[in-house]
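Subject: Handover of a structure and its findings

Dear colleague,

Please find below the structure that I am handing over to you. My notes on what was found in it follow directly after.

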Amino acid sequence: MDEYFDDGHTTCVTHNPPHVSLDKISIFLGQVQFNKEEEIACHAIVKLTNHTRGNVTAVWVADQNKIFVVSSSSCDVPAMKSTDFRIQFKPTAPNQFYGTQLECYVFYKCQRDYRLVDETVVCPPWLLTLDVSAHTFTGNNETFIPEIELCTNQVSFPPVPPNQSSYRTILLEKKSSAPILYQYIQKSNDAFTVKPTQGLIRSRYNISTLRYVPRGANVYNGDVTLRVNANRTHDQVLELVGSGEQPALLLSNDGELFFRPTCIGAMNEGKYQVQNIGRIPVHFKWIMKKEDASCLSVAPKEGTIQPNEIQYHSWSFQPTSVKKFVFKPSCLAWHEKPEALSVYDPSDAQRFTLRVVGEGNQGDIKCEKSHVDFGCVIAGSQLSEGLVLFNDSQCDLQFKLHIEQFVNCQYGEEPKENERIGLTLSKSEGVVSGRSKTYITASAHPYRRVLYTWALYYELLNAEGKSINTNSRILLCELSAEGVYPTLAVIDARSSGSGSSVGKTQLWRWFNIEHLNLCLDGDPDKMELMHSIKTRHSPARRPSVHTKSVLGFNFGAASVDSEPCYVSLMVKNLGCVATKWHFLFPKDLEIELGYWAETGEFNEDELHELHIQDNQLFTVSPNNGVLNAGEEKVIVLSYKHDVAGTHRLPVLLKIENGREILLNFIGVTVEASRRYLHFPATEHTFAPIRIGGPDPPKQLYEMYNGGAMALIYEVNLAPLHDLQSSNYDHPILTCLNPRGEILPGTSADLEWIFSPLESKTYTVDIPINVVGGESALITFHGIGYDTRVMGSTMAIMDQHPEYNSVPSEQKVPVPGQLLFLSEERISFGNVPLFSRSRHIVFLNNKSSDRHFSYSWHAASDVVNDVLRIEPVHGHLKPGQSKMTRVTFYATGQPAFYDLDLICEVVDEIKMSNFKTELQAWEAEQERQSVEFVISEEDIVDTTDLHASSVSPRRNLENILNKNNSRLKLTESQLSTAQVDYKSFQTLPPIRFEDPVKLPSNRSRLLRHKADSDEWVQPQPPQPFIFHLGVTARTHGIAEFRSNFAEQSKNHFIDRTLQISCPVAIKSPSEQYSLTICDEEEKEIVTSVMSNIIRGLLDDPTFQVAAKDAGSEQIPYFPQLAQEKELQEVEKTKEEGKETSHEEMSVKTPKKLMDEILKQSEESRPMSHDSNTTSASDHGSLAPSCTHKQIQEQEIKRSPMFGGILEEILSSTISNIIDEALTGDVILTARPRVVALPPSRGQSASNSSSLSHKSGSSNSRRRRQHSKSSAKRGNSSKSQ
């Protein structure tokens, strides 16, 4: 539009210099008189100027009506020259308006013919227009009445900055069909311009354009007169209003912006309000210093603000150092055309200054807790803890948290490569305002049973989310959690009822408790965690098993109608979370189906299980419960011997969120006439034995007689002979007692010697036959290993590894138990042969009013061979404790020992009551033997004879209370006399039987027998039974010293034990008996021995040792004897009368002790008078003294002397402990020292005599004190 107005005619401004131009763009010729007869030519001159440097040709297009004619129609204009053209007006009719637009085409003269022009320099022609108008109305004639309508009489221009243009259009609408001549008459006002200024309106509408250009920031008013048809009477005034505006911005907060303290490297953003308070759109641009741009930024940096618009600009402050920053950015505002926003004149723009204040600061984030321990979390579950992060600095901190996980596989599991992070945070990124806190929830969800440790790091971020300092993670806190599973452990077991004869070690083996604890301590599979206790059901009669842990609970065997076997298991929650457990029987796992869904078909196993469950042969009490961490509970398992046979029942031990273990309950009930040998397992593994050992140890295999009859067993040795023949005739496995007898309810040990020849596992199946009973096939495994290969990884064990966890103290409480053992299991460990090992056990009476008597019994013959108990029996008063000494004698050959001692305890009050009942029963028996009463009521029918003779239940209370009603004492067998000769029933004799509580499903005859009145002979009270387990392993002396060098000094080798258990010495003929061999074997032996001897002869170490053998020094102990003593010893040996070796060997320990005491009495200090003995008498006594010393040396060197000293020392220590137990000696009391007054100075002779007297008196006092202490010791022992 500016180019349209700035054409050099309307205004004197041109944007682009024209190539050619006219001096006028419109011509109004005015009123022209029309004369038809005479042509009156009215003309006007137009100048055309050539501004180019080439000759141009101007060609005018002629008017079709030929009213306006240009003379000449074409003309050549030289370069930089002008030419005038005449415009002639030739009207054709009066009273008419004429108007047209003439066109002139100008082109370079050289382009008049295409042959003269090069195609590369062709230029199109220029078009020049000229508006020409006139009319032929005379002065007396009025023009046409103009019917025209102006769209508005007032035009308001929008505000614009000075020297900026604003445009409006004016619409003229012609209402009539007559042409209208219009002309805008404008006053001298440079602010408003209209174009075109005149013209002829032939169509209906005509549009004219107004331009407003203010010269300053003021309000401009103007008007334009519209004259129509050149008649003043029809003039219309158009008012024009416009204003010039300057850009005006209002900066909030008086042009100041303050940032909160910001962390170095971080970015703080703030919103700042900018308002355009002017009436024109303002384009703005923020500018600042180059050094400030690194810390300060704004968005948007430039843009447009509409009038009265409020914008919020985002300012970002990013400090680079710790200091206070003051910035003064400027905002340039100007008004521009939309197509030129990026171009502005700084001198015309308005500048608005903003003061920005910020502060750089250092900040860090801290956690309220440096370490957060989630404790024990069940694997698969989730536990949350709150973390409070606080910011002590004044600046806001944007952070990002990182988790680093460490896994400690404390249960032997290997860490996984791609271990999932077991910690989640409620938010890992955020902003902590200055002097404030934020709360984050950390949730630990371990995936397996390991110890998780998480290091929580944080890094500070900028506004872009990038780290402020690269690789600068700061530790915030540490978190830890232990992934666990609910677990239980059996810490003790005890049997009672029919299993009271079973020891703890045997019970540990029968119930596989060691394996059970390992399974309970293991990790469950995914299938085990699929169901909980409430959802562990199945429509099948035998639900599927999702666990691989299957164990057997063997309740042993007993005869039918025996007392039930009760096994009490003490379970403890060794974990740190509560454990919910449940014993699920097959009926508990089965879902009850409708009648229509039942098939009614059962197989043998299902019928067997239903029979067991209906009769409740196996029970568990309690069968479910919850144990918190560290709590203990006793679970009683019972098996009833009501139905003969072998009973098996699968019971599922389910732990909520933990393991599933299938327990196969096994119990055997034996008929009374059946011989039954019970084997808890069909496989047995011997302890590993190293190959090449001198004396392989003896090992034991236990067998239990579960029947009511004694039996004889026989071991089939044929597999052992086959094993020996296949191993170069070497006895790999030897049974020492292949035949023996076992009493009912007792155990016997098979003694085996496993001597491996190679480093491998030997397996042999051995049949064990029972005479008159069934046979069993037992598989024995033996492991041989090479110490050169295994090294120290294979430790020498004193017992089987599965028995290491058997507790030594009683933890299962027994109802009514008042006597306790301090230990229930003793381990002597590894001991050398021909040594004694001692241990003390205390019996504690916890009762306050009951007396008890006890006695020790051996469970097998092996116990009597190697163990001694002192005292064997005794009595305990209320609250009293007694010490029992257990001595282990390592005799015989190397062996493993797992022995069982039984202690029977009897309540003396119950025993006295029994004696009272027995005396009353015997008195009643004597009375009934001489007294009877015959009445009519005693006459019975023969049909009721058998029923009335059944033994009734005993009733002792009536007799003790002296009731008048008499009791019937029955006999075991009725008289077989004829009824005709005996019409009444005689008095039955006393029946000796043990009253047993029978089950409810017995015959009617037995129930009638139980309901009758019978006084059975009183039975003694059942003793309470303790089991004391003793384990040990004996080694040869050389082997023990080589393997246990540090423990060798703790044991005394008693040679008397070796004499009492001599080793069978074979004769030379038996020892070196020749064997028959063929030529091949002879050649092999000869070549092997030749290589060995040749290797020894070539060995330099062997050569040096052979040379040094003769120059060895004399041993240490023979050097202690003096030369005179050695001569006397040789002389005495030559005489050989008094101190012969044979006499010393037959002397008993008592005689040796008497001789020692006699020599000590003779060797006491002589009196003062003996000092006057002459030298000759002294010389005569010298031979006798020498003889006594020699005899004393011989006694001290004898094997019996060392054994006696050991017994004396052992008895002394035992007496001290016993006296400390009774309170006679206080071992922790401080020693009392009595200081004697100093002696006065006397002569040397007096002092010597006094000292001699005082020495003799002190020795007499010491002898008297020792006698009195011995008396006190004897009296305390008698008490």
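A disulfide is here a pair of cysteine sulfur atoms within 2.5 Å. This is a predicted model, in which local features need pLDDT of at least 70 and side-chain atom pairs count only at pLDDT 80 or more, while totals for chains, interfaces and linings use all residues. Residues are numbered from 1 along each chain as its sequence is written, and side-chain values use heavy atoms, with hydrogens and water left out.

The disulfide

How many disulfides does a search of the whole structure find? The search finds one. Cys376 and Cys576 form this disulfide, with their sulfur atoms 1.5 Å apart. The link of Cys376 and Cys576 is left-handed, with -115° about the S-S bond. This pair connects distant parts of the chain, 200 residues apart: Cys376 is in strand β32 (residues 371-378), and Cys576 is in the loop between β42 (565-572) and β43 (579-584). Helices (H or I, at least four residues) and strands (E, at least two) are DSSP runs, numbered from the N terminus.

For the cover of each residue, buried means under 20% relative accessible area, exposed means over 50%, and partly exposed lies in between (1.4 Å probe, protein chains only). Accessible areas come from the Shrake-Rupley method with a 1.4 Å probe, and for residues only the protein chains shown count as cover. Cys376 is partly exposed because its relative accessible area is 22%. Cys576, at 36%, also counts as partly exposed.

Other cysteines and their surroundings

Cys151 has a relative accessible area of 45% and is therefore partly exposed, whereas Cys331 counts as buried at 0%. Ile170 belongs to strand β12 (residues 166-174), and it counts as buried because its relative accessibility is 1%. From C-alpha to C-alpha, Ile170 and Cys151 are 6.6 Å apart in space, and they are 19 residues apart in sequence. Asn268 lies in strand β22 (residues 268-276) and is buried at 10% relative accessibility. Between Asn268 and Cys395 there are 9.0 Å in space, C-alpha to C-alpha, although the two are 127 residues apart in sequence.

Salt bridges

A salt bridge is a side-chain nitrogen of Lys or Arg within 4 Å of a carboxyl oxygen of Asp or Glu. Across the whole structure, 34 salt bridges are found.

One of them joins the side chains of Glu256 and Arg355 at 3.7 Å, N to O. Glu256 is in strand β20 (residues 256-258) and Arg355 in strand β30 (residues 355-361), so that distant parts of the chain, 99 residues apart, are linked. Glu256 is partly exposed at 27%, and Arg355 is partly exposed at 33%.Glu429 and Lys400 form another salt bridge, their closest N and O atoms being 3.9 Å apart. Glu429 lies in strand β36 (residues 429-432) and Lys400 in strand β34 (residues 397-408), so the pair ties together parts that are 29 residues apart in sequence. Glu429 has a relative accessible area of 42% and is partly exposed; Lys400 is partly exposed at 27%.

In the salt bridge of Arg449 with Asp521, the closest N and O atoms are 3.3 Å apart. Arg449 is in the loop between β37 (436-444) and β38 (451-460), Asp521 is in helix α3 (residues 513-521), and the pair links distant parts of the chain, 72 residues apart. Arg449 counts as buried at 9% relative accessibility, whereas Asp521 is partly exposed at 38%. Elsewhere, salt bridges that share partners join Arg836, Arg838, Asp1054, Glu1206 and Glu1207 into one network.

Surface patches

Patches are made of residues with over 30% relative accessible area and no salt bridge; like charges are joined within 9 Å, and nonpolar side chains (Val, Leu, Ile, Met, Phe, Trp, Tyr) within 5 Å. Lys and Arg count as positive and Asp and Glu as negative, while His and the chain ends are not counted. The place of a charge is NZ of Lys, CZ of Arg, CG of Asp or CD of Glu.

Which residues gather in a patch of negative charge on the surface? They are Asp1078, Glu1079, Glu1080, Glu1081 and Glu1083. Glu1080 is found in helix α16 (residues 1079-1098) and is exposed, with a relative accessible area of 59%.

A nonpolar surface patch of about 820 Å² is made by Ile1084, Val1085, Val1088, Met1089, Ile1092, Ile1093, Leu1096, Leu1097 and Phe1102. Helix α16 gives the most to this patch, with eight residues. Ile1092 is in helix α16 and is partly exposed at 45%.

Yours sincerely
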